[in-house]
Amino acid sequence: MITPSDSNPCNEFLSPLIKQSKTPSLFGVEAYVEFQQLPFMNILNLGINLRLSGGGGEKANLQQLDLKIATRIQASALCSTALATGSNPNVVVTRERGKNGKLIDSLAKHGIDCLELPLIQHKQLPDYDRLPSVLSDTAFDWIVITSPEAGLVFLDAWKAAGSPKVKVGVVGAGTASVFTEVLRSSKQYLDVSFAPSKATGKVLASELPKQENRRCTVLYPASSKASAEIEEGLAKRGFEVTRLNTYTTTPVSHVDQRVLEQALSAPVVAVASPSAIRAWVSLIPKSLKWSNSVACIGETTALAAKNLGLRNVYFPTNPGLEGWVDSILEALQVLPDQVFQIPW
C-alpha cells in the first residue's frame, strides 16, 4: 500500500495524490504535482518530503524522481497557521450581505478562505422615488453611474420608468458589470458607451464626451455620501448636471462579537467604500493595536483608510473585481504569477 511518511505534515492533502499514483513500486519519489485543484493553496516556501513505500513485502525500489511543484501558490504571512488549524479565515469581506458572493468565489479559486462580515447597509432616500419620473419626463445626454449600488438603483428606476432610451457612462468595469444581464435583452434602449481611462470620478469628469457649442445634460444618481467631485468637474467643462441622492450607506446595527473576534485576527480586511472602512475602524477595540492589512476596491477608499491612520493599505490602479482580487493577493504577500520550485 502506498502511504505518505508519518512525518509528513500534509498527509490529509497528499493522500488523494498518492492514491492516484501510477508508480506503486517506488520507495521514494519526487515528481511534478499540479496543486491547482487542491484545497490548501495557502502555502509559502513549502517543503515536503514525500516517501512512498511498496507493500506486500515488495522489495524497495530506491529509484527517485524529481518531484517539483509548479503552480501559482497563494499565501499570506499567516498561512502556516491557517494550514495548521484549517479554520482561520484569510480575508474578511465586508459588503452588504448578499453582495459578497463574486469576491468570495474569485478568492476561492486561489484557495483563499473568507469570512463574511457585512459592515454597511443601504437605505433609500426620497430621490429614490423621484428617479423613475425624472427618467420618464426628461431626456439626458448622459446618465453617469459611479458604483455598483448606484447602478442597481438606477436599473430599478429605469425599468419602472418604462425602459426609456438612455446613454450611460460608468466609472469602471465593476460598475459596468451590473448592466451585463440587462444589456442582453435591452441593448437598443440602454447604451453603456463610456468608461474613463482610469476608474476614478475625477478622470470620468474630465473625459466624459461632450459636443462643443451645444447644451449637454447629465443625470447623476448617487449615494448622498459621494463627494461633489464629479458634478463640479463636469460643471467646469460646461455640462448641466442634475444630481439625485437616491440612497445612503449606514453602519449595520448589529455585529456578532464572535465573528468580529475572528475578523480582527484575519490577515486582510477587504473594503469597497469609505463608509465600510469607517465602520470597520469604529469596531476595532481601542485597546487593540490592530495593524493588519486593508485591501480597498479603489483609490478613494484607500485614501479614506489612510486618513483614518491605517498603514498597510492596498488598492488597484483600476477599481473593479479583478483589480481588487489582485490587491488582496498582494496584501497577503502573494506573487500570483510566480512559479515556485520547491527543493526536496
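View 1. Strand β7 (residues 217–223) and strand β8 run parallel and are joined by seven bridges, where helices (H or I, at least four residues) and strands (E, at least two) are DSSP runs numbered from the N terminus, and two strands pair if DSSP finds at least two bridges between them. In this pairing, S223 has Y247 of β8 as its bridge partner. Strand β3 (residues 120–124) is joined to strand β8 (residues 240–251) by five bridges, and these two strands run antiparallel; here K123 stands opposite T248 of β8. This is a predicted model, in which local features need pLDDT of at least 70 and side-chain atom pairs count only at pLDDT 80 or more, while totals for chains, interfaces and linings use all residues. Residues are numbered from 1 along each chain as its sequence is written, and side-chain values use heavy atoms, with hydrogens and water left out.

**View 2. The open sheet of five strands.** The strands follow the order β2-β1-β9-β10-β11, with parallel pairing. The edge strands are β2 (114–116) and β11 (313–314), each of which pairs on one side only. Two bridges join β11 to strand β10 (residues 293–296), the two running parallel, and V294 stands opposite V313 in β11.

**View 3. The packing of helices α4 and α5.** Helix α4 (residues 126–137) packs against helix α5 (residues 148–160) at an angle of about 50 degrees, and their axes are 8 Å apart; axes are lines fitted to C-alpha atoms, for helices over the stretch in contact, and angles run from 0 to 180 degrees between N-to-C directions. That angle makes α4 oblique to α5, since angles under 35 degrees count as roughly parallel, over 145 as roughly antiparallel, 65 to 115 as roughly perpendicular and the rest as oblique. From α4, the contact (heavy atoms within 4.5 Å) is made by Y128, L131, P132 and L135, and from α5 by V153, F154, D156, A157, W158 and A160. The residues of this contact divide into nine nonpolar, no polar and one charged, where Ala, Val, Leu, Ile, Met, Phe, Trp, Tyr, Cys and Pro count as nonpolar, Asp, Glu, Lys and Arg as charged, and the others, Gly among them, as polar.

**View 4. A salt bridge between K99 and E149.** The side chains of these two residues meet at 2.3 Å, N to O; a salt bridge is a side-chain nitrogen of Lys or Arg within 4 Å of a carboxyl oxygen of Asp or Glu. K99 lies in the loop between β1 (91–93) and α3 (101–108) and E149 in helix α5, so the pair ties together parts that are 50 residues apart in sequence.
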